Amino acid sequence: GSGGRFVDGNTIRIWEPASGQERAVIEFHGGRVTTLATTTDGRRLASGGLDKRLAVWDLAALVPAAAA
């Protein structure tokens, strides 16, 4: 699968469920992250926060695919 996701304030943590190893820490939002959603194929993650910013992340490369 695409891994687990966890939000702590303005930080998004992504890990591999099978190993429990953290894959990435994303600190993009200037305010608390309020929304996370993945595509049905598990390849992208969308995040939105109180800072009114939206980002779409490529989960394989762990980089933003788009941001506003």
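This is a predicted model: local features need pLDDT of at least 70, side-chain atom pairs count only at pLDDT 80 or more; totals for chains, interfaces and linings use all residues.
Trainee: Let's start with the open sheet: in what order do its four strands run?

Mentor: The sheet is open and its pairing is antiparallel. Strand 4 (33-38) and strand 7 (63-67) each have a single partner strand, so they stand at the edges and one side of each is left without a neighbour in the sheet. On average, neighbouring strands are turned by 25° against each other, direction ignored. The order is 4-5-6-7.

Trainee: And what is the bridge partner of tryptophan 57 in strand 7?

Mentor: Look at strand 6 (residues 54-58), which runs antiparallel to strand 7. Four bridges join these two strands. Across from tryptophan 57, the partner is proline 64.

Trainee: Moving to strand 2 and strand 3, which residue in the turn of their hairpin has a positive phi?

Mentor: Strand 2 (residues 11-15) and strand 3 (residues 22-26) pair in the antiparallel sense over four bridges. Within that pairing, arginine 13 has valine 25 as its bridge partner. Six residues sit between the two strands of the hairpin, and the one in the turn with a phi of about 75° is glycine 20.

Trainee: How many aromatic pairs turn up in a search of the whole structure, and is the pair of phenylalanine 28 and tryptophan 57 stacked or edge-to-face?

Mentor: The search finds one aromatic pair. The ring centres of phenylalanine 28 and tryptophan 57 are 5.5 Å apart. Their planes stand at 85°, and over 60 degrees counts as edge-to-face, so the pair is edge-to-face.

Trainee: Where in the chain do the two partners of that pair sit?

Mentor: They come from distant parts of the chain, 29 residues apart. Tryptophan 57 belongs to strand 6, while phenylalanine 28 is in the loop between strand 3 and strand 4.

Trainee: Is phenylalanine 28 buried or exposed, and which residue lies over its face?

Mentor: Its relative accessible area is 18%, and the cut-off for buried is under 20%, so phenylalanine 28 is buried. Tryptophan 57 is buried as well, with 5%. The residue over the face of phenylalanine 28, at 3.8 Å from the ring centre, is arginine 53.

Trainee: Which elements give two or more residues to the largest nonpolar core?

Mentor: That core has 10 residues, among them Ile12, Ala24, Phe28 and Trp57. Ile26 is also one of its members, and isoleucine 26 touches Asn10, Thr11, Ile12, Ile14 and Trp57, leaving aside residues up to four places away in sequence. The elements giving two or more residues are strand 2, strand 3 and strand 6.

Definitions and conventions
Residues are numbered from 1 along each chain as its sequence is written. Side-chain values use heavy atoms; hydrogens and water are left out. Two strands pair if DSSP finds at least two bridges between them. Axes are lines fitted to C-alpha atoms, for helices over the stretch in contact, and angles run from 0 to 180 degrees between N-to-C directions. Rings of Phe, Tyr and Trp (its six-membered ring) pair if their centres lie within 6.5 Å; planes under 30 degrees apart count as stacked, over 60 as edge-to-face and the rest as tilted. Buried means under 20% relative accessible area, exposed over 50%, partly exposed in between (1.4 Å probe, protein chains only). A charge sits over a ring if NZ of Lys or CZ of Arg is within 6 Å of the ring centre and within 35 degrees of the ring normal. A nonpolar core is a set of buried Ala, Val, Leu, Ile, Met, Phe, Trp, Tyr and Cys residues joined through side-chain atoms within 4.5 Å. Contact means heavy atoms within 4.5 Å.
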